[in-house]
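This report is for a reader who is meeting the structure for the first time. Please look at the sequence and the model before reading on.

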Amino acid sequence: MTLTVKEELIKRSPLRILEKSISGGLGKGNIGVLASRKGVGKTACLVHIAADKLLQDKPIIHVSYASRVDHIITWYEDIFKEIAKKPKMKSTLDTFDELIRKRVIMNFKQDGARTEQVLRSLEAMIVHANFRAETVIVDGLDFAQAGPEDLRKFKDFAGRLGLEVWFSASLKKDDPLFDDRGIPFELKGYLDIVDVLISLQLHGDHVHFSLVKDHDRLAPKDLRLKLDPTTLLIAKDVRARAR
Amino acid sequence: MSTDIARMRNIGISAHIDSGKTTLTERILFYCKKIHKIHEVKGKDGVGATMDSMDLERERGITITSATTNVEWADHSINIIDTPGHVDFTIEVERSLRVLDSAILVLCSVGGVQSQTITVDRQLRRYNVPFIAFINKLDRVGANPFKVREQIADKLGHNAVLMQIPIGLESAFRGLVDLVTMKALYFDGPEGEDIRVEAIPAELAAEAAEKREEMLDAVSMHSDDLMEAVLEGRPTEELVRAAVRRGVVTRKLVPVFVGSAYRNKGIQPLLDAVVHYLPNPSEVENRAIDLDREGAERVLTDDASAKTVALAFKLEDGSYGQLTYIRIYQGSLRKGDELVNTRSGQKIKVGRLVRMHADTMAEIQEAGSGDIVALFGVECASGDTFCSPGLNLAMTAIYVPEPVISLAIEPVDKNASDRMAKALNRFTKEDPTFRTHVDPESNETIIQGMGELHLDVYVERMKREYRAEVKTGMPQVAYREAISQKVDFDYTHKKQTGGSGQYARIIGRLEPLGKGTYEFSNEVRGGRIPREFIPSCDKGFKAVMKKGQLIGFPVTGVRVVLTDGQYHPVDSSDIAFQTAAQGAFRQVYAMAKPQILEPIMKVSVEGPTEFAGNVFATISQRRGTIVSSVEDGTFSRVDAEVPLSEMFGYSMVLRSLTQGKAEFTMEFLKYGRVPPHIAELLMEQHLEKKKKESQK
Ligand SMILES: Nc1nc2c(ncn2[C@@H]2O[C@H](COP(=O)(O)OP(=O)(O)O)[C@@H](O)[C@H]2O)c(=O)[nH]1
């Protein structure tokens, strides 16, 4: 019973739209980046992506550079509650406990953590502790501080262990943030390492997603997705369809 | 003479192990002139700190009991309630938290916020206990009180504010600057007893001014008067103190003090802070449960003339005979008073009343609301409430978790056997999470508790305090059985043996219960089962659920719904319906898809980052789930959920894997389902055991 509801949830997830737009998904060994100004909703999106994997019984590792982990845990709880609200998902709590067993949060202090060390710990988790995640999300890495070499290390690592890795990137410079092809000026130096680049922009009270880079293609495209302002879930953008 | 309530403090001192809690307590006692020589912890002089009165504690260097010690400072009477540090002794921690009004959180200036600091902080939060922080060991290499303050803010989420800054650090640590008075303090004399007040050293002036500004910024949030005064550039000491106090009492501010207990620096100002900033008992609201009104809550008053309400929170067998520590929540206690134990209904007469100091006691005539004293020769259990006749209240029930581990013990000879019985009787009275029973099948004495260490400590105490030598078996996890599916039953119990027969038929269903252990619901209509036999059914179900059919452990999480039945005017009886209930349960249990549950522990491992990978591996080898790992430079913490059955001997494994550099804490979290392959194994073992027993 629960299973079919779960399958239903997976099938109807707006993340399927995202996958379709990026040639079936990010793909192993690849790096995806969600870029926006602070506070637009990158963490919400990453958690939604992670939650979607968990629903599919796929383990994920959530790497965070925030100072505390308890709010991340709450975030997952909230997002599952929201997801479960849609169709009736039976015994939500039990399911939540089950799902959450497939998630590990790894928290690193920004100034204390060098990328080598982060990767070493990730490898220990995946290989030594046999936690066979295929998706890693990395929230809060300071791109300006880390530099393209560090992102390259992540990419090599992803390739070696067959991972897909989603990052959030906070854009901090003054306007304009994007060039005429929608590429954030701050991320130009990283472009050849990044396989999928999506920007989030606030239009009025809606957050819109546009696909800036899709694997080998560099062509800005509206993803017809938005971030629902109350649930903080990624949702279909109905207005976009009407347009 | 009883003390004025405004001049009373009931404080606990909480800390991660080895932060210096014992040393600090010792120093506090010394400065309050109650003891005359400072002893080192794990005593070089073989005496040990005064608070750790038990041999065993001295040997292990941990504090297990929660003795209360009274000291005087600046015309205030301070009761120090010793809170046990180790998480295994949860009930003792919870009980002492119930009794104290505020706390000092001790942190090591090198280790900072550690796993138990987090546990203790959570407990303080749960009981809404205001506290101040003391960063100890400023003389140690690597001391960094500024970083520790930041951790209190970041990791624990408190509005932590430095009230002092150190003058020098590590081996150069000499004294402090008090940011309220803006004076430098030095601690002279062989034991730091002479305080020398001087102007702030020039090289620290700028830093002190800056930190004072930060302090005033944070503190003035709690007082408009102070905010105004700050804006006008004239904040007085009184205004600052009043604002800090308000912030502390409402738990919105944590003032941070610094020092070195070992080097006798910073203790007296900390005692001043206790007096200045921590609440007196009348500032804390206490509630009791009205037993005459179905447990409605009642707020107690600190009026000394009101009827008495007191909680017995600790029993101790000392060299003076049996002592009962009690906290008075309302009214007062006088020699000769008559009180009622509201749990047992027993009346007692207050005989000798004493106030306990570290190693002496003073006989007193009376004590008032808010105070903590001890009684002699009172028969009661820990957690009992005493009231004046006519009042029937219980202090809010303390949550008592079910034991998760058991151990068979066997006395080595007859003498030991008698003494063991005496010891067990005492321990179970002291600690409700420690239980004991004789297994009817194996005839073994079983003790149960909250963890390996918990039981170890009692076995040791039996030896030392009662000279009861016992052999112990292997620790056993307290499994549970639970049903996972609804199932109907229709069962008839019929027996005809000559004259009087037995007859009972019951119809209904078993349902899995999400939360809780057992529920009985009667939906029988029209007297199909006579009313007097309904409780018999309830009793029968309860009895049969004590031992499940899978592995012989208690069945929990069952709702029994009785819908119909039949009786016989002559042959039906209490026993017939009890038997029917048991038969019904046994008949359908297997169809309810029973599962085995095991205790899952919340485990937290801390150590240098280089071992994080090893720690991950040990957790996953133990069927554990890693919830999170936190790396902060060279230091890392792993939080995980691991079945208790996999945790035996973990401390040894961890020690050898990390050269003793990592440590872990563990507490009970929940019951979780045992995976099928292990369930199978357990069932096989159970069958084998039963076979052996039947062959005996
Ligand atoms: N360097 C230094 N060592 C201290 C200080 N306070 C306590 N210690 C030492 O730290 C160890 C643990 O102290 P103890 O009081 O037993 O800590 P507890 O486990 O928190 O009660 C002992 O060896 C103490 O001598 C201090 O201020 N400075």
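The structure is a predicted model.

**Around the ligand**

The shell around the ligand holds 17 residues, and those that come nearest are B:Asp18, B:Lys21, B:Thr22, B:Thr23 and B:Asp139. Sorted by class, the shell consists of seven polar, six charged and four nonpolar residues. Helix H1 of chain B, which covers residues 21-31, gives the most to this shell, with three residues.

| Residue | Protein atom | Ligand atom | Distance |
|---|---|---|---|
| B:Thr23 | polar side-chain atom | oxygen | 2.5 Å |
| B:Asp139 | side-chain N or O atom | nitrogen | 2.7 Å |
| B:Gly20 | polar backbone atom | oxygen | 3.0 Å |

The ligand taken alone exposes 580 Å², and the protein buries 84% of that area.

**A nonpolar patch on the surface**

B:Met221, B:Met227 and B:Leu231 make a nonpolar surface patch of about 360 Å². Of these residues, B:Met221 is placed in the loop of chain B between helix H6 (202-219) and helix H7 (224-231). Is B:Met221 buried or exposed? The relative accessibility of B:Met221 is 60%. Exposed means over 50%, so B:Met221 counts as exposed.

Notes
Residues numbered from 1 in each chain as written. Chains lettered and ligands numbered in written order. Predicted model: local features only at pLDDT ≥ 70, side-chain atom pairs only at ≥ 80, totals over all residues. Heavy atoms only, no water. Near = heavy atom within 4 Å. Polar contact = N/O pair within 3.5 Å; in protein donor to acceptor, adjacent residues only side chain to side chain. Areas by Shrake-Rupley, 256 points an atom, 1.4 Å probe, with all protein chains shown as cover. Helix = DSSP H or I, 4+ residues; strand = E, 2+ residues; numbered from the N terminus. Nonpolar A, V, L, I, M, F, W, Y, C, P; charged D, E, K, R; others polar. Patch = residues over 30% accessible without salt bridge, like charges linked within 9 Å, V, L, I, M, F, W, Y side chains within 5 Å. Salt bridge = Lys/Arg side-chain N within 4 Å of Asp/Glu carboxyl O. Buried < 20%, exposed > 50% of the residue type's maximum accessible area, 1.4 Å probe, protein only.
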